[in-house]
Amino acid sequence: MTKQIEFSGVNKHYGAYHALKDIDLSIDKGSFVALVGPSGCGKSTLLRSLAGLEKITGGDISIAGEVVTTLPPRKRDVAMVFQSYALYPHMTVEENLTYSLRVHGVARAERKQAAAEVAATTGLADLLHRYPRELSGGQRQRVAMSRAIIRNPKAFLFDEPLSNLDAALRVHMRKEIRALHDRLGATSVYVTHDQIEAMTMADHVVVLRAGVIEQQGRPLDLYDKPANKFVAGFIGSPAMNFLPATVTEGGSVAIDIGNGPLSLAIAVAAPAGARVLVGIRPEHLTLTAPGEGRFDASIAFTESTGSTTFVTTATTPELMVVETGRRMVASGDRVGLSFGDASIHVFDAATERRL
Ligand SMILES: Nc1ncnc2c1ncn2[C@@H]1O[C@H](COP(=O)(O)OP(=O)(O)OP(=O)(O)O)[C@@H](O)[C@H]1O
């Protein structure tokens, strides 16, 4: 695979604040990479550093084999798509699309042709004469993308482009952006705080926390083998349950919940007596009749969306169970809980690393 973008040892300080810490990241040509993490983790800073909108304070960034660390944004040949769309309100869609071509001295006829071609790809052909205020949110987002496409950049950089849209349109636009990426054979870097968006759109997900890459990999690899408690809790919805547990003499793990210690048929590489955290995803817990599961619990409350029921147990800590379909249980009911040992994750309680 050809590398299209490389961050090597990238650091960014805002005064005394260390916003990016030794970031090493390679992005394959043609791939769709999501940068995801909680507010303030540095994902926008990383994207803006790639675009040249922030000056990094250490390390290097390359685009298509060329070191661009000291180049200004316009010389990097990347196109940024923002959440705010950043359209010119006094220009029509066509003028917005062709603005960068006009600045670069491209002739009028050629500009018109380019706008018509891109508009045909993005479904804007009938809207070229309109002004941004005459468009819906989704259409404005399409104009913003079209304006990026028309420049034929080396990479598309998206900064939370869908956050202004309602839930249904967001789901639709995710597919549209991904389809466009595939059609163009583009390289895309996409910043989002929404792990579902990252998981569903990207080939490669990079999880950031406090300026550090906590883990990167294919979406389902992060789901199946989170490297630490943070990633385990961040990827997957609703979030993974964590239970305090102790490593037993035989190298197994005993959870302390419900009716006394519950031994799991797994082996961990930690000394007997070590404190660990057992992670179980809500979708890997199932409800049974009392006495027929691994342990019993009372139900604190239930929430149903019709297709799915979220059940919270009255245990310490409380557990979230996701059941598909409707479940005829109510708060106060006594139930059993079952799970397969293969679906268990174990983390060191002190370092929070996967064992
Ligand atoms: N110009 C600045 N001066 C000082 N600190 C800054 C500046 N810009 C960002 N920061 C800080 O750097 C950290 C990373 O900011 P960044 O915008 O990259 O976060 P983010 O992960 O994109 O968050 P969000 O999802 O909230 O946008 C934050 O703690 C932020 O307060």
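This is a predicted model: local features need pLDDT of at least 70, side-chain atom pairs count only at pLDDT 80 or more; totals for chains, interfaces and linings use all residues.
Reader: Why does Asp22 count as partly exposed?

Author: A residue is buried if 20 or more other C-beta atoms, placed from the backbone, lie within 10 Å of its own, exposed if 12 or fewer, and partly exposed in between. Asp22 has 15 C-beta neighbours inside 10 Å, and therefore counts as partly exposed. Its phi is positive, about 50°, although Asp22 is not a glycine. Most residues other than glycine have a negative phi.

Reader: What makes Glu160 partly exposed, and where is Glu160 found?

Author: Glu160 has 19 C-beta neighbours inside 10 Å, so it counts as partly exposed. The residue is found in the loop between strand 7 (155–159) and helix 5 (167–184). Glu160 also has a positive phi, about 45°, without being a glycine.

Reader: How do you know that the peptide bond from Ser237 to Pro238 is cis?

Author: The omega of this bond is near -5°, and the bond is cis. Pro238 lies in the loop between helix 8 (229–234) and strand 11 (241–247). Another cis peptide bond joins Thr316 and Pro317, with omega about -10°. Pro317 belongs to the loop between strand 17 (308–313) and strand 18 (320–324). Most peptide bonds are trans.

Reader: What does Met320 touch, and why is Met320 called partly exposed?

Author: Two residues are in contact if their C-beta atoms, placed from the backbone, lie within 7 Å. Leaving out residues up to four places away in sequence, Met320 touches Pro238, Asn241, Pro282, Phe310 and Thr312. Met320 has its place in strand 18. It has 18 other C-beta atoms within 10 Å, and so it is partly exposed. Met320 and Met201 are 119 residues apart in sequence, and their C-alpha atoms are 26 Å apart in space.

Reader: Into which domains is the protein divided, and how far apart are their centres?

Author: The protein is divided into domain 1 (3–234) and domain 2 (241–348), with bounds that come from an automatic or database domain assignment. Their centres, taken over C-alpha atoms, are separated by 39 Å. Four residues from domain 1 and five residues from domain 2 take part in the contact. On the side of domain 1 that touches domain 2, there are two nonpolar residues, one polar and one charged. In this division, Ala, Val, Leu, Ile, Met, Phe, Trp, Tyr, Cys and Pro count as nonpolar, Asp, Glu, Lys and Arg as charged, and the others, Gly among them, as polar.

Reader: Which residues touch the most other members of the largest nonpolar core?

Author: They are Ala34 and Leu157, in a core of 83 residues. This core draws at least three residues from each of domain 1 (3–234) and domain 2 (241–348). A nonpolar core is a set of buried Ala, Val, Leu, Ile, Met, Phe, Trp, Tyr and Cys residues joined through C-beta atoms within 7 Å. Apart from neighbours within four places in sequence, Leu157 is in contact with Leu47, Leu50, Ala51, Val78, Ala79, Met80 and Val189.

Reader: Which residues are around the ligand?

Author: They are Tyr14, Tyr17, Ala19, Gly37, Ser39, Gly40, Cys41, Gly42, Lys43, Ser44, Thr45 and His193. Strand 2 (17–28) and helix 1 (43–51) are the elements that give two or more residues to this shell. A residue is near a molecule if its C-beta atom, placed from the backbone, lies within 6 Å of it. Helix 1 supplies the largest share, three residues. By class, the shell has four nonpolar, seven polar and one charged residues.

Reader: Which residues are buried in helix 1?

Author: Lys43, Thr45, Leu46, Leu47, Ser49 and Leu50 are buried there. After helix 1 comes Gly52, with a positive phi near 90°.

Reader: How many helices and strands are there in the protein?

Author: There are eight helices and 20 strands. Of the 355 residues in the protein, 34% are buried.

Methods:
Residues are numbered from 1 along each chain as its sequence is written. Helices (H or I, at least four residues) and strands (E, at least two) are DSSP runs, numbered from the N terminus.
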